[in-house]
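Please open the structure in the viewer and keep the sequence beside it.

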Amino acid sequence: MAILKDISKYLKYVSITENEMIRNMKIQIYNKKRRHDSEAEEQVDEAAQDQDIEDALLQKSASSISEDQAPEKAQKKESHQVGPELTAEEQLESALEHLEITQDEYSDKLFELTNAYWDIQEKYQNQYDFGIILLDLETVKKQISSKIEALISKLQARAVSTFTSKMDELDKKFQFIENKLTATHYTIDDVLE
Amino acid sequence: MFKGADIIEDLENQLEFLKNKKSFLDEESIKLPSERFTRYLNLFLQPRSLRDLIEDKFSNLSE
């Protein structure tokens with residue numbers, strides 16, 4: 001039953017919670033950031049190798065610096081790979097806690113969810129009649145669709161909440177300055193403060 | 001330049017940053033609750049109002 005196999009890829013949306021979805025998004029951002037950082041490191045190394053002979057002296061000092069740093073890098077890599085698993089997990093948790101979901105990540109996820117929602121609506125019929133078998137997908141379609149809708153609205157609510165908290169923060173700063181300005185001052189120093 | 005000018009300028013920059021975030025919400029068709037939206041709009045009046053207040057303070061001092 002190719003249809004069942006095909007529709008089953010959307011079942012992940014039924015079982016996932018909002019927190020799990022957010023965590024997965026953060027992990028993706030974290031991994032992207034790590035990939036980006038390691039690529040940048042590689043580019044720096046390549047650039048150092050491509051330096052002109054005219055800059056030989058400079059290159060020499062650069063390579064001596066990179067040699068100095070090499071054991072540190074190796075140690076860093078080692079600590080990532082060899083370090084106890086719990087520590088790595090703790091590191092990841094701490095990084096995820098402070099990680100903010102980027103606009104791109106929000107957009108991508110909303111795009112993915114919306115696409116999945118319309119796939120479910122348009123790609124599959126409610127019933128498939130195979131002669132002796134009648135495959136009824138109506139309930140499954142409804143369940144998956146409503147769960148996807150819920151995930152979309154939670155994600156949107158989260159985006160709004162992030163925005164409004166930043167807005168409140170800024171509003172507070174404005175209010176603070178306004179209060180300072182409208183407060184009664186008794187000396188010039190108070191005013192200039 | 002008066003002392004508060006750079007602070008207001010910094011807040012204006014943060015306001016621009018917020019505007020960018022709002023554009024993102026608009027692009028994704030995410031609406032703010034009306035009360036929040038009004039507060040958002042009011043924020044843009046704040047720098048002018050603070051500058052006026054500061055000017056008032058300084059003009060009072062010079063009198």
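Angles under 35 degrees count as roughly parallel, over 145 as roughly antiparallel, 65 to 115 as roughly perpendicular and the rest as oblique. This scale will be needed at the third stop. The model is predicted: local features need pLDDT of at least 70 and side-chain atom pairs count only at pLDDT 80 or more, while totals for chains, interfaces and linings use all residues. Residues are numbered from 1 along each chain as its sequence is written, and chains are lettered from A and ligands numbered from 1 in the order in which they are written.

**First stop: chain A**

Select chain A, which contains eight helices and two strands; helices (H or I, at least four residues) and strands (E, at least two) are DSSP runs, numbered from the N terminus. Along the sequence, their pattern is α-α-α-α-α-α-β-β-α-α. Of its 193 residues, 7% count as buried, that is, with 20 or more other C-beta atoms within 10 Å of their own C-beta, placed from the backbone.

Next, colour residues 18–99 as domain 1 and 102–183 as domain 2 of chain A; such bounds come from an automatic or database domain assignment. Five residues of domain 1 of chain A are in contact with five of domain 2 of chain A, a contact being two C-beta atoms, placed from the backbone, within 7 Å. On the domain 1 side, the residues comprise three nonpolar, one polar and one charged. Here Ala, Val, Leu, Ile, Met, Phe, Trp, Tyr, Cys and Pro count as nonpolar, Asp, Glu, Lys and Arg as charged, and the others, Gly among them, as polar.

**Second stop: where chain A touches chain B**

Now display both chains: 20 residues of chain A are in contact with 23 residues of chain B. Which element of chain A gives the most to this side? Helix H7 of chain A does, with 15 residues. The side of chain A comprises eleven nonpolar, five polar and four charged residues.

Select H7(A) together with helix H1 (residues 5–27) of chain B: their axes lie 11 Å apart, at an angle of about 160°. Axes are lines fitted to C-alpha atoms, for helices over the stretch in contact, and angles run from 0 to 180 degrees between N-to-C directions. H7(A) and H1(B) are therefore roughly antiparallel to each other.

Finally, show side chains: A:Phe163, A:Leu170 and A:Phe174 are among the residues of H7(A) at this contact, and B:Leu11, B:Leu15 and B:Leu18 are among those of H1(B). The residues of this contact divide into eleven nonpolar, one polar and four charged.

Conventions. A residue is buried if 20 or more other C-beta atoms lie within 10 Å of its own, exposed if 12 or fewer, and partly exposed in between; C-beta atoms are placed from the backbone.
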